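Reader: I would like to learn how to read a protein model. Please take me through it one feature at a time.

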Amino acid sequence: MTDKYAVIGHPISHSKSPLIHKEFARQTEQDLEYSAIEVPVEELESSLSQLRDILKLKGINITVPFKEQAWQLVQNQSTRAKRAGAINTLVFNDDGSMFGDNTDGVGLCRDLTVNNGIELRGKRILLLGAGGAARGVIEPLLSYDPVELFVANRTASKAHALADLFSDLGHIRGGGFEDIKPQFDVVINATAASLQGEVPPLPDDLLSDNAACYDMMYSDSDTAFISWARQHGAAQAVDGLGMLIEQAAEAFRIWRGVKPDTRSVIELIRHQASD
Ligand code: ATR
(Lines give C-alpha, C1' and ligand atoms only; values in the text may rest on other atoms or scores of the structure.)
Protein backbone atom coordinates (compact mmCIF):
# COMPACT_ATOMS: atom_id res chain seq x y z
CA MET A 1 0.00 0.00 0.00
CA THR A 2 1.24 3.50 -0.84
CA ASP A 3 2.40 5.39 2.27
CA LYS A 4 0.59 8.65 2.86
CA TYR A 5 1.92 11.95 4.22
CA ALA A 6 0.59 15.51 4.40
CA VAL A 7 1.32 19.05 5.46
CA ILE A 8 -1.19 20.61 7.81
CA GLY A 9 -1.75 24.32 8.40
CA HIS A 10 -4.30 27.12 8.25
CA PRO A 11 -4.42 28.36 5.53
CA ILE A 12 -2.59 25.73 3.49
CA SER A 13 -3.71 26.01 -0.13
CA HIS A 14 -0.58 27.92 -1.24
CA SER A 15 1.85 25.42 0.29
CA LYS A 16 4.67 24.26 -1.97
CA SER A 17 5.31 21.20 0.21
CA PRO A 18 3.23 18.73 -1.90
CA LEU A 19 5.20 19.69 -5.00
CA ILE A 20 8.53 19.46 -3.17
CA HIS A 21 7.80 16.02 -1.67
CA LYS A 22 6.44 14.73 -4.95
CA GLU A 23 9.73 15.68 -6.56
CA PHE A 24 11.72 14.02 -3.76
CA ALA A 25 9.64 10.83 -4.14
CA ARG A 26 10.11 10.73 -7.91
CA GLN A 27 13.83 11.30 -7.61
CA THR A 28 14.42 8.64 -4.90
CA GLU A 29 11.83 6.22 -6.35
CA GLN A 30 9.80 6.15 -3.14
CA ASP A 31 6.17 5.08 -3.34
CA LEU A 32 4.29 7.76 -1.42
CA GLU A 33 1.50 10.30 -1.60
CA TYR A 34 1.73 13.77 -0.06
CA SER A 35 -1.18 16.18 0.24
CA ALA A 36 -2.04 19.53 1.90
CA ILE A 37 -4.75 19.42 4.55
CA GLU A 38 -6.34 22.46 6.15
CA VAL A 39 -7.03 21.93 9.84
CA PRO A 40 -9.44 24.16 11.81
CA VAL A 41 -7.49 26.41 14.16
CA GLU A 42 -9.04 25.07 17.36
CA GLU A 43 -8.89 21.41 16.38
CA LEU A 44 -5.26 20.38 16.21
CA GLU A 45 -5.42 17.62 18.82
CA SER A 46 -8.44 15.81 17.38
CA SER A 47 -7.10 16.32 13.86
CA LEU A 48 -3.83 14.59 14.71
CA SER A 49 -5.73 11.50 15.90
CA GLN A 50 -7.88 11.52 12.75
CA LEU A 51 -4.87 11.82 10.46
CA ARG A 52 -3.25 8.88 12.19
CA ASP A 53 -6.24 6.59 12.89
CA ILE A 54 -8.66 7.33 10.05
CA LEU A 55 -6.54 8.59 7.17
CA LYS A 56 -3.67 6.28 8.27
CA LEU A 57 -0.94 8.76 7.46
CA LYS A 58 2.68 7.78 8.20
CA GLY A 59 3.75 11.30 9.03
CA ILE A 60 2.98 14.98 8.62
CA ASN A 61 4.64 18.35 8.31
CA ILE A 62 3.17 21.05 10.49
CA THR A 63 3.15 24.70 9.54
CA VAL A 64 1.66 28.01 10.64
CA PRO A 65 -0.09 28.39 13.08
CA PHE A 66 0.31 24.92 14.64
CA LYS A 67 4.04 24.39 15.28
CA GLU A 68 4.11 25.58 18.90
CA GLN A 69 0.82 23.91 19.78
CA ALA A 70 2.05 20.60 18.37
CA TRP A 71 5.15 20.96 20.54
CA GLN A 72 2.89 21.13 23.59
CA LEU A 73 0.81 18.14 22.54
CA VAL A 74 3.50 15.66 21.50
CA GLN A 75 5.53 14.29 24.39
CA ASN A 76 8.10 12.23 22.51
CA GLN A 77 10.42 14.54 20.61
CA SER A 78 14.00 15.09 19.49
CA THR A 79 16.42 17.18 21.57
CA ARG A 80 16.48 19.86 18.89
CA ALA A 81 12.68 20.06 18.85
CA LYS A 82 12.60 20.40 22.65
CA ARG A 83 14.93 23.40 22.41
CA ALA A 84 13.16 24.87 19.39
CA GLY A 85 9.80 25.05 21.18
CA ALA A 86 8.10 24.00 17.96
CA ILE A 87 7.51 20.88 15.88
CA ASN A 88 7.37 20.89 12.09
CA THR A 89 7.72 17.16 11.42
CA LEU A 90 5.74 14.35 12.99
CA VAL A 91 6.18 10.62 12.60
CA PHE A 92 3.20 8.34 13.25
CA ASN A 93 4.77 5.09 14.43
CA ASP A 94 3.12 1.72 13.74
CA ASP A 95 2.42 1.27 17.48
CA GLY A 96 0.30 4.46 17.45
CA SER A 97 2.90 6.64 19.16
CA MET A 98 3.99 10.01 17.73
CA PHE A 99 7.50 11.40 17.43
CA GLY A 100 8.06 15.12 16.88
CA ASP A 101 11.08 16.80 15.34
CA ASN A 102 12.02 20.24 14.07
CA THR A 103 13.96 20.46 10.82
CA ASP A 104 13.72 24.24 10.27
CA GLY A 105 17.04 25.09 11.90
CA VAL A 106 19.02 22.46 10.08
CA GLY A 107 17.25 23.52 6.87
CA LEU A 108 18.34 27.13 7.34
CA CYS A 109 21.93 26.21 8.18
CA ARG A 110 22.25 23.87 5.18
CA ASP A 111 20.90 26.50 2.84
CA LEU A 112 23.27 29.10 4.26
CA THR A 113 26.41 26.98 4.34
CA VAL A 114 26.02 24.29 1.67
CA ASN A 115 23.83 25.93 -0.99
CA ASN A 116 25.09 29.48 -0.64
CA GLY A 117 28.62 28.98 0.72
CA ILE A 118 28.01 31.35 3.63
CA GLU A 119 30.48 30.79 6.46
CA LEU A 120 29.04 30.86 10.01
CA ARG A 121 31.98 29.67 12.11
CA GLY A 122 33.81 32.58 13.75
CA LYS A 123 31.39 35.14 12.28
CA ARG A 124 29.22 37.84 13.86
CA ILE A 125 25.63 36.83 13.21
CA LEU A 126 22.60 39.06 13.74
CA LEU A 127 19.20 37.36 14.08
CA LEU A 128 16.24 39.72 13.70
CA GLY A 129 13.11 38.64 15.58
CA ALA A 130 12.42 36.67 18.73
CA GLY A 131 9.24 34.77 17.89
CA GLY A 132 8.80 31.10 17.08
CA ALA A 133 10.71 31.32 13.79
CA ALA A 134 13.77 32.82 15.48
CA ARG A 135 13.72 30.40 18.39
CA GLY A 136 13.63 27.41 16.05
CA VAL A 137 16.97 28.24 14.42
CA ILE A 138 19.13 29.36 17.34
CA GLU A 139 20.52 25.99 18.42
CA PRO A 140 21.73 24.99 14.93
CA LEU A 141 23.24 28.46 14.37
CA LEU A 142 25.18 28.25 17.65
CA SER A 143 26.45 24.80 16.71
CA TYR A 144 28.64 26.56 14.10
CA ASP A 145 30.39 28.46 16.90
CA PRO A 146 29.94 32.06 15.72
CA VAL A 147 31.94 34.66 17.71
CA GLU A 148 28.62 36.25 18.46
CA LEU A 149 24.93 35.66 17.85
CA PHE A 150 22.99 38.82 18.61
CA VAL A 151 19.20 38.48 18.72
CA ALA A 152 17.48 41.83 18.10
CA ASN A 153 13.76 42.29 18.49
CA ARG A 154 11.16 45.08 18.48
CA THR A 155 10.21 43.90 21.97
CA ALA A 156 13.67 43.71 23.54
CA SER A 157 12.56 41.62 26.54
CA LYS A 158 11.71 38.70 24.24
CA ALA A 159 15.20 38.79 22.74
CA HIS A 160 16.75 38.83 26.22
CA ALA A 161 14.62 35.84 27.21
CA LEU A 162 15.73 33.86 24.15
CA ALA A 163 19.39 34.70 24.77
CA ASP A 164 19.03 33.43 28.36
CA LEU A 165 17.35 30.25 27.15
CA PHE A 166 20.27 29.34 24.87
CA SER A 167 23.18 30.89 26.81
CA ASP A 168 24.65 27.47 27.67
CA LEU A 169 25.18 26.74 23.97
CA GLY A 170 27.40 29.63 22.87
CA HIS A 171 27.98 33.36 22.61
CA ILE A 172 24.46 34.71 22.41
CA ARG A 173 23.08 38.08 23.53
CA GLY A 174 19.79 39.84 23.02
CA GLY A 175 18.42 43.37 22.83
CA GLY A 176 16.29 45.87 20.97
CA PHE A 177 16.99 47.16 17.46
CA GLU A 178 18.60 50.23 19.05
CA ASP A 179 21.15 47.95 20.76
CA ILE A 180 22.54 46.63 17.46
CA LYS A 181 26.27 47.41 17.22
CA PRO A 182 27.54 47.17 13.62
CA GLN A 183 29.06 45.40 11.89
CA PHE A 184 27.72 41.95 11.15
CA ASP A 185 28.86 39.30 8.66
CA VAL A 186 25.55 37.45 8.47
CA VAL A 187 22.11 38.99 9.07
CA ILE A 188 19.09 36.70 9.20
CA ASN A 189 15.55 38.06 9.16
CA ALA A 190 13.16 35.96 11.25
CA THR A 191 10.64 38.72 11.90
CA ALA A 192 7.18 38.75 10.43
CA ALA A 193 7.87 42.30 9.17
CA SER A 194 8.33 41.10 5.58
CA LEU A 195 4.72 39.92 5.57
CA GLN A 196 3.71 43.56 5.94
CA GLY A 197 6.35 44.71 3.44
CA GLU A 198 8.34 46.30 6.27
CA VAL A 199 11.95 46.14 7.42
CA PRO A 200 13.02 46.54 11.04
CA PRO A 201 14.90 49.82 11.73
CA LEU A 202 18.54 48.91 11.03
CA PRO A 203 21.70 51.04 11.06
CA ASP A 204 22.93 52.04 7.58
CA ASP A 205 26.44 50.75 8.37
CA LEU A 206 25.17 47.37 9.63
CA LEU A 207 26.93 45.15 7.11
CA SER A 208 30.61 44.21 7.03
CA ASP A 209 32.42 43.78 3.70
CA ASN A 210 31.23 40.54 2.12
CA ALA A 211 28.20 40.35 4.40
CA ALA A 212 25.38 37.95 3.63
CA CYS A 213 21.72 38.72 4.32
CA TYR A 214 19.10 35.98 4.53
CA ASP A 215 15.33 36.39 4.70
CA MET A 216 13.65 33.30 6.14
CA MET A 217 10.57 34.38 4.24
CA TYR A 218 10.20 33.46 0.61
CA SER A 219 8.34 35.35 -2.06
CA ASP A 220 8.34 35.22 -5.87
CA SER A 221 9.60 38.81 -5.94
CA ASP A 222 12.18 40.45 -3.62
CA THR A 223 11.02 40.81 -0.02
CA ALA A 224 11.43 44.20 1.69
CA PHE A 225 14.42 42.86 3.61
CA ILE A 226 16.12 41.52 0.48
CA SER A 227 15.69 44.94 -1.15
CA TRP A 228 17.15 46.59 1.96
CA ALA A 229 20.13 44.21 1.80
CA ARG A 230 20.85 45.00 -1.85
CA GLN A 231 20.62 48.74 -1.18
CA HIS A 232 23.04 48.45 1.74
CA GLY A 233 25.79 46.62 -0.09
CA ALA A 234 25.25 43.00 0.92
CA ALA A 235 27.53 40.66 -1.02
CA GLN A 236 24.74 38.07 -0.93
CA ALA A 237 20.99 38.52 -0.43
CA VAL A 238 19.12 35.22 -0.25
CA ASP A 239 15.47 34.44 0.42
CA GLY A 240 14.02 31.45 2.25
CA LEU A 241 13.15 29.15 -0.66
CA GLY A 242 16.24 27.00 -0.05
CA MET A 243 15.41 26.73 3.65
CA LEU A 244 11.88 25.58 2.78
CA ILE A 245 13.27 22.84 0.55
CA GLU A 246 16.06 21.82 2.94
CA GLN A 247 13.69 21.47 5.91
CA ALA A 248 11.47 19.32 3.70
CA ALA A 249 14.45 17.16 2.66
CA GLU A 250 15.35 16.54 6.29
CA ALA A 251 11.74 15.55 7.06
CA PHE A 252 11.79 13.21 4.04
CA ARG A 253 15.02 11.65 5.33
CA ILE A 254 13.47 11.09 8.77
CA TRP A 255 10.43 9.37 7.23
CA ARG A 256 12.03 7.43 4.38
CA GLY A 257 15.68 6.98 5.39
CA VAL A 258 16.97 8.52 2.13
CA LYS A 259 18.22 12.05 1.57
CA PRO A 260 16.93 13.59 -1.66
CA ASP A 261 18.92 15.99 -3.83
CA THR A 262 17.73 19.47 -3.00
CA ARG A 263 19.57 21.56 -5.56
CA SER A 264 17.50 20.38 -8.53
CA VAL A 265 14.26 21.02 -6.63
CA ILE A 266 15.36 24.54 -5.66
CA GLU A 267 16.10 25.22 -9.32
CA LEU A 268 12.78 23.73 -10.42
CA ILE A 269 10.70 25.88 -8.07
CA ARG A 270 12.75 29.03 -8.68
CA HIS A 271 12.26 28.47 -12.40
CA GLN A 272 8.48 28.00 -12.03
CA ALA A 273 8.24 31.22 -9.99
CA SER A 274 9.96 33.20 -12.73
CA ASP A 275 7.76 31.79 -15.52
P1 ATR B 1 6.88 33.58 14.02
O2 ATR B 1 6.44 32.22 14.45
O3 ATR B 1 6.78 33.85 12.55
O4 ATR B 1 8.22 33.95 14.58
P5 ATR B 1 5.72 35.25 16.03
O6 ATR B 1 6.10 34.28 17.10
O7 ATR B 1 4.39 35.92 16.10
O8 ATR B 1 5.77 34.57 14.60
O9 ATR B 1 6.86 36.36 15.96
C10 ATR B 1 6.85 37.41 15.04
C11 ATR B 1 8.18 38.16 15.13
O12 ATR B 1 8.21 39.20 14.16
C13 ATR B 1 8.41 38.85 16.46
O14 ATR B 1 9.80 38.88 16.71
C15 ATR B 1 7.85 40.25 16.20
O16 ATR B 1 8.36 41.24 17.06
P17 ATR B 1 7.67 41.46 18.52
O18 ATR B 1 8.13 40.32 19.38
O19 ATR B 1 8.18 42.75 18.99
O20 ATR B 1 6.17 41.44 18.28
C21 ATR B 1 8.37 40.46 14.80
N22 ATR B 1 7.64 41.47 14.02
C23 ATR B 1 6.39 41.40 13.52
N24 ATR B 1 6.09 42.50 12.78
C25 ATR B 1 7.18 43.31 12.84
C26 ATR B 1 7.50 44.59 12.29
N27 ATR B 1 6.63 45.26 11.52
N28 ATR B 1 8.73 45.10 12.54
C29 ATR B 1 9.61 44.44 13.30
N30 ATR B 1 9.37 43.21 13.86
C31 ATR B 1 8.17 42.66 13.62
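Reader: Is K58 buried, exposed or partly exposed?

Author: Buried means under 20% relative accessible area, exposed means over 50%, and partly exposed lies in between (1.4 Å probe, protein chains only). K58 has a relative accessible area of 28%, so K58 is partly exposed. Before we continue, note that this is a predicted model, in which local features need pLDDT of at least 70 and side-chain atom pairs count only at pLDDT 80 or more, while totals for chains, interfaces and linings use all residues. Residues are numbered from 1 along each chain as its sequence is written, and side-chain values use heavy atoms, with hydrogens and water left out.

Reader: Which side chain meets that of K58 in a salt bridge?

Author: Side chains of opposite charge can pair when their charged atoms come close. The rule for a salt bridge asks for a side-chain nitrogen of Lys or Arg within 4 Å of a carboxyl oxygen of Asp or Glu. K58 meets D94 in this way, at 3.4 Å from N to O. K58 sits in the loop between α2 (44-53) and β3 (59-62), and D94 in the loop between β4 (89-92) and β5 (98-101), so the pair ties together parts 36 residues apart in sequence. Helices (H or I, at least four residues) and strands (E, at least two) are DSSP runs, numbered from the N terminus. D94 is exposed, because its relative accessibility is 74%.

Reader: How many salt bridges does the structure hold?

Author: The structure holds 15. One of them joins R173 to E148, with the closest N and O atoms 2.9 Å apart. R173 is partly exposed at 47%, whereas E148 is buried at 10%.

Reader: Where do R253 and E250 lie?

Author: R253 and E250 are in helix α9 (residues 241-256), three residues apart, which means that about one helical turn separates them. Their closest N and O atoms are 2.8 Å apart, and the two form a salt bridge. E250 is buried, with 2% relative accessible area, and R253 is partly exposed, with 35%. Both belong to a network of salt bridges that also links R80, D101 and R110.

Reader: What domains does the chain have?

Author: Domain bounds come from an automatic or database domain assignment. Here the assignment gives domain 1 (3-102) and domain 2 (105-241). Their C-alpha centres lie 27 Å apart.

Reader: How much area do the two domains bury between them?

Author: The size of an interface is often given as the accessible area lost when the parts come together. Buried area is this loss, with a 1.4 Å probe, summed over both parts. For domain 1 and domain 2 the figure is about 770 Å², with 43% of it on carbon and sulfur atoms. K16, R83 and A84 supply 64% of what domain 1 buries against domain 2, more than any other three residues. The count of salt bridges between the domains is one. The side chains of R83 and D168 meet in a salt bridge at 2.5 Å, N to O.

Reader: Is I188 buried or exposed?

Author: I188 counts as buried, because its relative accessibility is 0%. Its place is in strand β9 (residues 184-189). Leaving out residues up to four places away in sequence, I188 touches several residues, including L108, L112, Y214 and M216.

Key
Contact means heavy atoms within 4.5 Å.
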